[in-house]
Amino acid sequence: MKRENMMLINSLDREVPSTVNNMNVIPFKGVNKHRPEGFKHAPKVATCIDFPEDGNKLIQGLKEALIKSGLRDGMTVSTHHHFRNGDLIANRIFEIASELNVKNLIWFPSASFECHSKLIKYLDNGTIHHIEGSLNGALGEYVSHGKMKGVGVLRSHGGRYQAIQDGEVQIDISVIAAPTADSFGNANGVDGPSACGLLGFALADSQYANKVIVVTDNLVPFPCLPWQIQGNNVDYVVKVDKIGLPERILSGTTAITKSPDRLFLAKLTARFCEQAGIIKNGFSFQAGAGGTSLAVSFYFAEILKRKGIKARFARGGSNKFLVNMLRDNLLDFILDGQTFDLDGVNSMRLNPNHADTSPFTSYNFHGKGNFAQLVDVVVLGATEVDVNFNGNVATHSDGLLLHGLGGWQNCLFSKCTILPIPLFRDRIPVIKDRVTTVCGPGELIDVIITERGIAINPLRKDLIEKTKGSGLPIKSIYELKDEAERICGVPSKPIFGEEVVAVIKWVDGTVIDSVRRVINPGR
Amino acid sequence: MEEINRFSAGNRGEKVRSDCFMTFELKTEGGIKLTLSSKVESIYGEHIRLLCLKILDYFEVKHAVLDIEDSGALDFVIAARLESVIKQSKASDKEFLQELITENTLITNKKRNRITRLYLPGNTPSLMINSGIHQPDGVILDLEDSVAYLKKHEARFLVRNALRSLNFLGAERMVRINQFPEGLKDLPYLIPHNVNVILIPKCENEVQIKTIVGHIEMIQKKSKTINPVWLMPIIESAKGVLNIVEIAKSSNTIVAIAIGLEDLTADLGVSRTHLGIESLFARSQIITTCKAFGIQPIDSVFSDVEDLEGLKENVLASKSLGFEGMGCIHPRQIEIIRRYFAPSDDEIEEAKSIIVAYNLAIEKGLGVISLGTKMIDVPVVEKAKHIIKHAIELGRLDENWTCK
């Protein structure tokens, strides 16, 4: 199928297939150009008469729950990634499916991690047909080499909610690993030995999947409060010994980077924001937990302290650092999408100003408004940017899939999107004529900050004006590209196979780019 | 006995970046067999192969087996590694030199600031590449302590190529050579490539300086280069401290003298302490001598990169003694060293009022200048002028300053 697809050209001049895994898809039309039609998808109407009167939905084990849920060939099974690299449940599901000789499943996680590379054997033996979710590490490599039967589909966090809500992806069985739950199926992420903060990534799954299984290692008597997942959506509850490895769930990214080059970038980013007048009383920001982003929050905090002002809210990825800003009154609210450390978990449990959010509230593009547009500044990463400011986060310059989209695409809608990135990484230039894979259109990317200069998108005349005479090293994106090539040499174009191995969806469900098979990965 | 003919250069391993590891064996037949494994294969593989073939051809290598494990090395690194393995296999007077980039043709001024100088291990390209962005006054490519004995030879090619090809974004390009007399062998790799300053470790007497100056002149004559090469002896022994005057006088190319406290305290048989009472004599001796001869006295490095508060105290103490700069062993030290060697707010304010009072006195034709109840004489005004100039240079004061 994937070899005989018709290719179309989308509005960013990218070739995309007309169908993906036998489903018609719409090529990207431009930012804010696509209008959905019709009604939201809905699961079957349930009735409480079919459920135990005492509310006890506990059953023996995950295997029984999957069998009772009707697991069979070709179904779509979803999981969430709040346990990050410490997840034990996704692998277990497909181990069971393989034992039951079920074939051609579609795995629909909110993200995959290195711990999921064990699933390669179930891709090999036909248990899993394809994955719709982030593809990184060994899984990414596997898919890049064209070994997966179906085509991978990458979506942003918001795009995943949109796809479920719009019925593009219909989940047959959702397995929600929950750090704490009661036997009715109410569940949360703030308590228990595997606490991960919240369960926002599983919200859509609980609302729209045909069957919902909650798996926990910390069963409490009714009611489990807060009920981030509501038992009224849940079919079965399973108690297991261990759902995750806590030391890998909270990944400990709270230390500010020590890399002098990254600190340099972070500082320059904060300086830019100050000069451009972005940092003012009541502003809002999102900075991730990655090395450079965390350092940016650190420098934001310094500026707030110095000026005696505070931010209205920060979007997170929360961690100790944001929690301290909340405590030190530099920040009114944390709107948290995933929690990176124990300080974040505890703060969410105890502080009403530290709220849990979901991709529905934060990012869903097909809703009545979009929080992401309210944020004053977001600081994100990218593997590549091109002279049209298009950004790539999914593939490496040699074409290998290396990580998921996360909330990256959704965040681009903020009032100012800044990418602090090195001009080159181990000889690989980051600014190119054309990115290997477009994940975000250039018109939404405002500022590129490198160690050798800052490029402002020519569309942002306001930012150009505000930073005039500021002493900041403002250059054109072409100057930066030339500088990278002067140092690294002009890169030649990698050669790809014909087959599309994955597609990148935009936040509105259209296809923004496709990923081709890698022929010569060079590593 | 095959092993004897196989030579290697460079670094490999999980943490190695922007470098490459090469093994090379000269053969008598079979042509060139080149294997490359590289993380940048798909975008630079062909480019790297062509570069290597060009260099092999340049050194007239017709038959050889060359294996390259590349972790994103830039051309100047690849060329250095390859020249090193070739020259381990066969003697050659030729050098494979890349273009000296325009930025690196700059010559430097004897009196320029040398407050922050960042040490960079001479055989670690990843630390060199972005060093300039942190804007130290100088970068020191180190061939001495930070390079393992067996790596000394290959490091010379790397440092030579970096001096030609790498843009240090305005930092003065310095090299610390090996201790005398071994360090003499380093000079031919540096002098023709517009190195700005040579650091001479464990300098003990004027004979060493004069020998080095002689070598430099000889190399310059041979390579037809005339750019000034400044010297910065490092005093690291009791003998060096005692001979400081003859060292300071030995050449007018000496722009600074540094003190190396790790070795000096070892030589004195004492422990190095935070307060540094044990080296007070040596430090004062060096500072006083430097001031007498118009040379910049430079303090020893502060070795705890985590302790930025300790570094700040150290800098303030160092400045109060009269030092004019300090070596940096990590980029994060640069800002603090620059900030606290620079005139303080109080110093700037005082200097400003002295100059305003002075200008007023000149305007009114007064013979005696006074500030409040204090009389000000000419050396005080000169010192104030110097502070203002320094503060402007270091970005602590606007050029068009006015009094509060």
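Colleague: Which domains does the domain assignment of chain B give?

Modeller: This is a predicted model, in which local features need pLDDT of at least 70, side-chain atom pairs count only at pLDDT 80 or more, and totals for chains, interfaces and linings use all residues. Residues are numbered from 1 along each chain as its sequence is written, while chains are lettered from A and ligands numbered from 1 in the order in which they are written. For chain B, the assignment (bounds from an automatic or database source) lists domain 1 (2–89), domain 2 (102–341) and domain 3 (345–393). The C-alpha centres of domain 2 and domain 3 of chain B are 34 Å apart.

Colleague: At what angle do helix α10 and helix α11 of chain A pack?

Modeller: Two packed helices are described by the angle between their axes and the distance between the axes. In chain A, α10 (residues 320–327) and α11 (residues 342–350) pack at about 40°, with axes 7 Å apart. Helices here are DSSP runs of H or I with at least four residues, and strands are runs of E with at least two, numbered from the N terminus; axes are lines fitted to C-alpha atoms, for helices over the stretch in contact, and angles run from 0 to 180 degrees between N-to-C directions. α10(A) and α11(A) are therefore oblique to each other, given that angles under 35 degrees count as roughly parallel, over 145 as roughly antiparallel, 65 to 115 as roughly perpendicular and the rest as oblique.

Colleague: In which sense do strands β16 and β17 of chain A pair?

Modeller: Strands pair if DSSP finds at least two bridges between them; β16 (residues 311–318) and β17 (residues 331–339) of chain A do so in the parallel sense, over 6 bridges. A:I334 in β17(A) is the bridge partner of A:A314.
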